[in-house]
Amino acid sequence: MRGYTNTRFSATTVGPAGTIRVRDNFGGFRVGAGGQYEVGANNFVGGEYRYSNYEDGVSRHQLVATIGARF
């Protein structure tokens, strides 16, 4: 898996000067890999790893575990 990704970042802080809100969008790319292992005739377990790299040095690593049934 590979492709374009976009995320929105927002933060709010309250202090003596009042409330400050920061919002921004970051674009970048995503790559990932994963697999599934059959457990019985119609069931499976699996996993994925996803890496996203955004602008300004922002990145994200994700691990996903899956359990499912096919009908």
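Which residue in β2 is the bridge partner of Thr13? I looked it up and found Ile20.

**Basis.** I am working from a predicted model, in which local features need pLDDT of at least 70, side-chain atom pairs count only at pLDDT 80 or more, and totals for chains, interfaces and linings use all residues. Residues are numbered from 1 along each chain as its sequence is written, and side-chain values use heavy atoms, with hydrogens and water left out.

**The sheet.** I traced an open sheet of 4 strands in the order β1-β2-β3-β4, with antiparallel pairing. Its edge strands are β1 (2–15) and β4 (59–69), each pairing on one side only. Strands here are DSSP runs of E, at least two residues, numbered from the N terminus. Two strands count as paired if DSSP finds at least two bridges between them.

**β1 and β2.** I noted 14 bridges between β1 and β2 (residues 18–39), which run antiparallel. A hairpin through 2 residues connects β1 to β2. Asn6 stands opposite Gly27 in β2.

**β2 and β3.** I noted 12 bridges from β2 to the antiparallel strand β3 (residues 43–54). This hairpin has 3 residues between its strands, and Gly40 in the turn has a positive phi of about 80 degrees.

**Tyr37.** I then checked Tyr37, which is found in β2 and has Val45 as its bridge partner in β3. Is Tyr37 buried or exposed? Tyr37 counts as exposed because its relative accessibility is 59%, and exposed means over 50% relative accessible area (1.4 Å probe, protein chains only).

Conventions. Buried < 20%, exposed > 50% of the residue type's maximum accessible area, 1.4 Å probe, protein only.
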